[in-house]
Amino acid sequence: MRRVRYHENGDPEVLRVEEAPAPGPGPGELLLRTEAIGVTLPVVRKVREGGQPLPASLGGEVAGEIVALGPDVTGFSLGDRVTGLCFGDGYADRALLSAAMASHIPDGASAAEAVALVRSGLVAFGAYEAARPSAGESVLVTGAASGVGHLAVQLAKARGAGRVVAAASSPEKAVFLKGLGADEVVAYGDEPWGDPVDIVLDAVGGELLPRAVAALAPGGRLVAFSSGGGAIQAYDLLVGAKSAIGFQLGLIARERPRLYERWRAELWRLFAEGVLRPAIHAELPLVQAAAAHAIIETRANLGKVILHTG
């Protein structure tokens, strides 16, 4: 099989396409012939910043057809089209997927749409749930043009937010974001980011985190789900009776599988009804993984960047 790995940390050009034996599925695992692979900011950051032994594989969101079943797998058959999160060689034309993390792709959805919707949509859905929103509240989404962010904008609007503000890296993304339902669009360099909001869904972190807290109205809630880190001063929360909440999808998948499945079913329902429209910025062949990472690093994407194995 073909796979992409890296033997040193650095810019996207460190990614290398290699040949390797196809793995066999273990207990509870599915082997997919991958059709689409999602490129995410956390994976892009790992390539540049390190933090794991080298050489390293790239995991992530995959979709494709089941070509082998491991022992003890139920609910799936050879030939089924599924999507889910791969923790091994995800950038490959064969990928192992835990059956517990897999979701059937319904008729009418492409592999690229499934990759764009399920993991990113679950993060957006879960982050919004973590804020415990009430109808009519205002919401600001950072990284609003990203794979997660553009779905969070749509979800907030669909679920009754009174005002949705999309924050992005440049004003050129305004047309795209307003087309998704954003009432206002701000660029990170704007001062301020408009009127205070009840909820901030922060997909960026880092140096933007204090500004995200400052954008909250008294009693507001910030949900942090970014891999970008950052620090919040306790006084900044105290003075406005604000809250900061961390959200991590993997924890939900492991500890609350029924809730995870309920969210997943709801996402597919919203997709079928046309409420959620996953946007595909680019589809590139696996051998162009470096170019896909460069798009994410430069924040040029409007929606999801996908690799395909065809």
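In what order do the 6 strands of the open sheet with parallel pairing lie? The order is E11-E10-E9-E12-E13-E14. Strands, like helices, are DSSP runs numbered from the N terminus (H or I with at least four residues for helices, E with at least two for strands). Two strands count as paired if DSSP finds at least two bridges between them. At the edges of this sheet are strand E11 (184–187) and strand E14 (243–246), each of which pairs on one side only. From one strand to the next the twist averages 20 degrees; axes are lines fitted to C-alpha atoms, for helices over the stretch in contact, and angles between N-to-C directions run from 0 to 180 degrees.

The model is predicted: local features need pLDDT of at least 70 and side-chain atom pairs count only at pLDDT 80 or more, while totals for chains, interfaces and linings use all residues. Residues are numbered from 1 along each chain as its sequence is written, and side-chain values use heavy atoms, with hydrogens and water left out.

Strand E12 (residues 197–202) runs parallel to strand E9 (residues 138–141), and 3 bridges join them. Val 141 has Leu 201 in E12 as its bridge partner, and Leu 140 stands opposite Val 200 in E12. E12 also runs parallel to E13, joined by 5 bridges. Here Leu 201 has Val 223 in E13 as its bridge partner.

E12 is mostly covered, with 5 of its 6 residues buried. Buried means under 20% relative accessible area, exposed means over 50%, and partly exposed lies in between (1.4 Å probe, protein chains only). Helix H2 (residues 111–130) lies across E9, E12, strand E13 (216–224) and E14, and runs at about 145 degrees to E12. Contact means heavy atoms within 4.5 Å.

A second topic is the antiparallel sheet. This open sheet has 3 strands in the order E2-E1-E4, with antiparallel pairing. Its edge strands are strand E2 (15–19) and strand E4 (56–57), each pairing on one side only. Strand E1 (residues 2–6) pairs with E4 in the antiparallel sense over 2 bridges. Within E4, Ser 57 is the bridge partner of Arg 5.

On the surface, Tyr 235, Leu 238 and Val 239 form a nonpolar patch, with about 380 Å² of accessible area together. Tyr 235 lies in helix H6 (residues 234–238) and is exposed, with a relative accessible area of 55%. Patch residues have over 30% relative accessible area and no salt bridge; like charges are joined within 9 Å, and nonpolar side chains (Val, Leu, Ile, Met, Phe, Trp, Tyr) within 5 Å. A salt bridge is a side-chain nitrogen of Lys or Arg within 4 Å of a carboxyl oxygen of Asp or Glu. Accessible areas come from the Shrake-Rupley method with a 1.4 Å probe, and for residues only the protein chains shown count as cover.
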